[in-house]
Amino acid sequence: MSENRKVHFIPPRPVQREKRVGIYCRVSSNSMEQLNNLTNQVSAFTRLIAATPNWLLVDTYIDIASGKTGSKRKEFMRMLEDCQANNIEIVITKNISRFGRDTVEVLESLHKLREYNVRVIFEQEGLDTADTDSELMISIIESIAQAENESRSENIKWGYRRHAAQGTSKLYNRKCYGYENDTAGELIIKKDEAKNVRLIFELYLRGLSIIGIKRELEKRGIKTPTGKEKWSKRTIDVMLSNEKYIGLVRLLNAGENQEHYVSENNHPAIISKEQFEAVQIEKKKRSNVVKTEGGNKRRSRKYSSKIIKEK
């Protein structure tokens, strides 16, 4: 036997057990675009798991549910149950906003999964709970969620502006008293209500105050837009300034100095432009608050609340 010979002990290599992986995906609707997006997500994650040594795809959890708090997510709950039962060790998902509907829900779910020793990977953000401590993860998630909420809000506003500019916004055909929607969703005149709208404008131009108009409508037994017997002064005042009655609709109008969109001849008019403008001029005259020479404000002349007889 050679004196230089050395014998080394080689311990057996532990068998590397496959990690059980689950995919979680959520889309907010079953539109074709959303479903295609869902298919692409599942396909990409399936390839990733197949290419990763010792990863084994166990199940895929898919929810088609709104992001609003309270909407049911049966597959998400099933995933949590499988994680608690130790059937899943790794969960991979697209991003934080798909995983939870708000910051609180995300953090609560991650806390549970940490207790179950389950690792969560957010592909889009490049976050892995196995590499991040709790406090840092909370801080990251809160900042990302805030940024996503701001981005979502801007996207919604952009969508409103785009549809308003293209004339495709459904808000152009939102009905009010005097109108209804036809089968195509377009505004058409509702004759019995339109008659009352014209009466309100006529009474105002004849000199009646808003209180006087209120009393006259109630005396005639004319119901409010919500079907009540008693009219409010505000309802009548708003109707007298509603440009929709001349066939015009403004969208995204935040003030006189702000850009917005106007759709003229959007629908049939109930009131003529001349009559409408006359009412606006009269309303300014009646704004019965004037300044005295000393700079104090006082009420000016009052308008009658009594009915003026038709000629």
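Which residue in the hairpin of β4 and β5 takes a positive phi? Point 3 gives the residue. The notes below concern a predicted model.

1. **Overall make-up.** The protein chain has 311 residues, and 33% of them count as buried. Nine helices and eleven strands are found in the chain. Take the contacts between residues at least 6 apart in sequence: 59% of these join residues at least 24 apart.

2. **The five-stranded sheet.** Start with the open sheet. Its strand order is β2-β1-β3-β4-β5, and the pairing is mixed. The edges are held by β2 (55-64) and β5. Each of these two has a single partner strand, so one side of each lacks a neighbour in the sheet. Helix α2 (residues 74-84) packs on this sheet and touches β1, β2 and β3. The direction of α2 makes about 150° with that of β2.

3. **Pairings, strand by strand.** Strands of a sheet pair through backbone hydrogen bonds, in parallel or antiparallel fashion. Here, β1 (residues 19-27) runs parallel to β2, with nine bridges between them. In this pair, Arg20 stands opposite Leu56 of β2. Strands β3 (residues 90-93) and β4 (residues 119-122) are also parallel, joined by four bridges. Val91 faces Val120 of β4 across that pairing. The step from β4 to β5 (residues 127-128) is antiparallel and has two bridges. There, Ile121 stands opposite Asp128 of β5. This last pair forms a hairpin with four residues between the strands. The opening question is answered here: Gly126 takes the positive phi, near 70°.

4. **Helix α6 against α9.** Two packed helices are described by the angle between their axes and by the distance between those axes. The axes of α6 (residues 191-205) and α9 (residues 273-285) come within 10 Å and cross at roughly 45°. That angle makes α6 oblique to α9. The crossing of α6 and α9 is left-handed. From α6, the contact uses Phe201, Glu202, Tyr204 and Leu205. From α9, it uses Gln275, Phe276, Ala278, Val279, Glu282 and Lys283. By class, six residues of this α6 and α9 contact are nonpolar, one is polar and three are charged.

5. **Helix α6 against α7.** Helix α6 also packs with α7 (residues 210-219), at an angle of about 135° and with the axes 10 Å apart. The two helices are therefore oblique to each other. Here the crossing is right-handed. Leu199, Ile200, Leu203 and Tyr204 of α6 meet Ile210, Ile213, Glu216 and Leu217 of α7. This contact of α6 with α7 has seven nonpolar residues, no polar residue and one charged residue. Note Tyr204: this residue of α6 is listed in the contact with α9 and in the contact with α7.

6. **Arg174, a loop residue.** Is Arg174 buried or exposed? Its relative accessible area is 53%, so Arg174 is exposed. The residue sits in the loop between α5 (134-166) and β6 (179-181). Leaving aside residues up to four places away in sequence, Arg174 touches Leu187 and Lys244. Leu187 lies 13 residues from Arg174 along the chain, and the C-alpha atoms of the two are separated by 7.6 Å.

Definitions and conventions
Residues numbered from 1 in each chain as written. Predicted model: local features only at pLDDT ≥ 70, side-chain atom pairs only at ≥ 80, totals over all residues. Heavy atoms only, no water. Axes fitted to C-alpha atoms, helices over the stretch in contact; angles between N-to-C directions. Parallel < 35°, antiparallel > 145°, perpendicular 65-115°, else oblique. Left-handed = near helix turned anticlockwise from the far one by under 90°. Contact = heavy atoms within 4.5 Å. Nonpolar A, V, L, I, M, F, W, Y, C, P; charged D, E, K, R; others polar. Pairing = 2+ DSSP bridges. Buried < 20%, exposed > 50% of the residue type's maximum accessible area, 1.4 Å probe, protein only.
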